[in-house]
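Biologist: I'm new to this one. Please walk me through it.

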Amino acid sequence: APLAIKAAGISCVVAESFARIFYRNSINIGLPILECPSAVKDIRPGDILAVDLAKGVVSNITQDQRYEAVSCPPFMQGIIEAGGLIDFVGRTLRKDG
């Protein structure tokens, strides 16, 4: 499922919670995800969101609202920024020589 979501052009998923396998698969392919129940309750179709993964903040630009989410640990952010686990490992191996 995360692969299909990413292939559809979705840049980030915000939800109340994630199943462990979905969470892990999302990180492995570099799909940013955030758990933020309060934002999910307020977001409406067509709302424009801005997400700060490092700080764990979801901003609903349309409604001028800001929500605190559960942020990813720095090592997971590195995997997401690299584009997924395979790219992260490749970069790490190249950097280490």
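Modeller: A term to start with: a residue is buried under 20% relative accessible area, exposed over 50% and partly exposed in between, using a 1.4 Å probe and protein chains only. By that rule V70 is exposed, at 53% relative accessibility.

Biologist: What kind of model is it, and how are residues numbered?

Modeller: The model is predicted, so local features need pLDDT of at least 70 and side-chain atom pairs count only at pLDDT 80 or more, while totals for chains, interfaces and linings use all residues. Residues are numbered from 1 along each chain as its sequence is written, and side-chain values use heavy atoms, with hydrogens and water left out.

Biologist: Back to V70. Where is it found?

Modeller: V70 is in the loop between β5 and α4. Helices (H or I, at least four residues) and strands (E, at least two) are DSSP runs, numbered from the N terminus.

Biologist: And what is V70 in contact with?

Modeller: L34 and E35, leaving aside neighbours within four places in sequence. Contact means heavy atoms within 4.5 Å. V70 and K55 are 15 residues apart in sequence, and their C-alpha atoms are 8.8 Å apart in space.

Biologist: Let's zoom out. How many helices and strands does the chain have?

Modeller: It has 5 helices and 5 strands. Along the sequence they run α-β-α-β-α-β-β-β-α-α. The C-alpha trace spans about 50 × 25 × 20 Å along its principal axes.

Biologist: How much of the chain is buried?

Modeller: Buried residues make up 31% of the 97 residues.

Biologist: Which residues make up the largest nonpolar core?

Modeller: There are 11: V13, A15, F18, F22, I27, L31, I33, C72, M76, I79 and I80. A nonpolar core here is a set of buried Ala, Val, Leu, Ile, Met, Phe, Trp, Tyr and Cys residues joined through side-chain atoms within 4.5 Å. β1 (13-15), α2 (20-29) and α4 (74-82) each give two or more residues to this core. The most come from α4, with 3 residues.

Biologist: Pick out I33. What does it touch?

Modeller: Not counting residues up to four places away in sequence, I33 touches C12, V13, F18, F22, Y23, S26, I27 and C72. Apart from this core lies another, of 6 residues, with L34, A39, Y67 and A69 among them.

Biologist: How many aromatic pairs are there?

Modeller: The structure holds 1. F18 and F22 are stacked, 5.5 Å centre to centre with 0 degrees between the planes. Rings of Phe, Tyr and Trp (its six-membered ring) pair if their centres lie within 6.5 Å; planes under 30 degrees apart are stacked, over 60 edge-to-face, the rest tilted.

Biologist: Is F18 buried or exposed?

Modeller: Buried, because its relative accessibility is 15%. F22 is buried too, at 17%.

Biologist: Now α4. Which of its residues are buried?

Modeller: M76, Q77, I79, I80 and A82. What covers them includes α2 and α5. F75 also sits in α4, but F75 counts as exposed because its relative accessibility is 53%. Just after α4, G83 takes a positive phi of about 100 degrees.

Biologist: Which non-glycine residue has a positive phi?

Modeller: D64 is one, at about 55 degrees. D64 lies in the loop between β4 (57-60) and β5 (65-68). At a relative accessible area of 69%, D64 is exposed.

Biologist: Switching to charges. How many salt bridges does a search of the whole structure find?

Modeller: It finds 1. The side chains of E68 and R66 meet at 3.6 Å, N to O. A salt bridge is a side-chain nitrogen of Lys or Arg within 4 Å of a carboxyl oxygen of Asp or Glu. E68 is exposed at 53% relative accessibility, and R66 is exposed at 55%.

Biologist: Last topic, helix α5 (residues 85-96). Which residue has its place there?

Modeller: V89 is one of them. V89 is partly exposed, with a relative accessible area of 39%.
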